[in-house]
Amino acid sequence: MNLGEQLEKLREEKKMSREELAGEMNVSRQAVYKWGNNKGYPDIENLIKLSELYNVTLDELIKGDQSL
């Protein structure tokens, strides 16, 4: 699973819209769309915020496989 798919899966599991996530992360809705579609990637600060928001480690977030 690539990063975009992982971000979309976690966002949907939290039942958050792109707009809600954008507000929580203090970024644009377009940025969240790009992250979910692999057209752009969150910077390290936003990756850390996302891992905290979704309650996953950075490894789980980036690699998408808890067994790694």
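This is a predicted model: local features need pLDDT of at least 70, side-chain atom pairs count only at pLDDT 80 or more; totals for chains, interfaces and linings use all residues.
Colleague: At what angle do α1 and α3 pack?

Modeller: Start with the axes. Helix α1 covers residues 3-13 and helix α3 covers residues 29-36. Their angle is about 120 degrees, and the axes lie 7 Å apart. Angles of 65 to 115 degrees count as roughly perpendicular, and those over 145 as roughly antiparallel. α1 and α3 are therefore oblique to each other.

Colleague: Which residues of α1 and α3 meet?

Modeller: From α1 come Gly-4, Glu-5, Leu-7, Glu-8 and Arg-11. From α3 come Val-32, Trp-35 and Gly-36. The contact divides into three nonpolar, two polar and three charged residues.

Colleague: Where do the buried residues of α3 fall, seen down its axis?

Modeller: First, the general idea. An α-helix has 3.6 residues a turn, so residues three or four places apart point the same way. Now this case. Ala-31, Val-32, Trp-35 and Gly-36 are the buried residues of α3. They fall within an arc of 135 degrees, so they line one face of the helix. These buried residues pack against α1, α2 (18-25) and α4 (44-54).

Colleague: What happens just after α3?

Modeller: Check the backbone there. Asn-38 takes a positive phi of about 55 degrees.

Colleague: Which residues of the largest nonpolar core touch the most other members?

Modeller: Leu-7, Leu-21, Trp-35, Leu-50, Tyr-54 and Leu-61 do, in a core of 15 residues. Each of α1, α2, α3 and α4 supplies at least two residues of this core.

Colleague: What does Leu-50 touch?

Modeller: Leave out residues up to four places away in sequence. Leu-50 then touches Leu-7, Leu-21, Met-25, Trp-35, Pro-42 and Leu-61.

Key: Residues are numbered from 1 along each chain as its sequence is written. Side-chain values use heavy atoms; hydrogens and water are left out. Axes are lines fitted to C-alpha atoms, for helices over the stretch in contact, and angles run from 0 to 180 degrees between N-to-C directions. Helices (H or I, at least four residues) and strands (E, at least two) are DSSP runs, numbered from the N terminus. Angles under 35 degrees count as roughly parallel, over 145 as roughly antiparallel, 65 to 115 as roughly perpendicular and the rest as oblique. Contact means heavy atoms within 4.5 Å. Ala, Val, Leu, Ile, Met, Phe, Trp, Tyr, Cys and Pro count as nonpolar, Asp, Glu, Lys and Arg as charged, and the others, Gly among them, as polar. Buried means under 20% relative accessible area, exposed over 50%, partly exposed in between (1.4 Å probe, protein chains only). The arc is that of the directions from the helix axis to the C-beta atoms. A nonpolar core is a set of buried Ala, Val, Leu, Ile, Met, Phe, Trp, Tyr and Cys residues joined through side-chain atoms within 4.5 Å.
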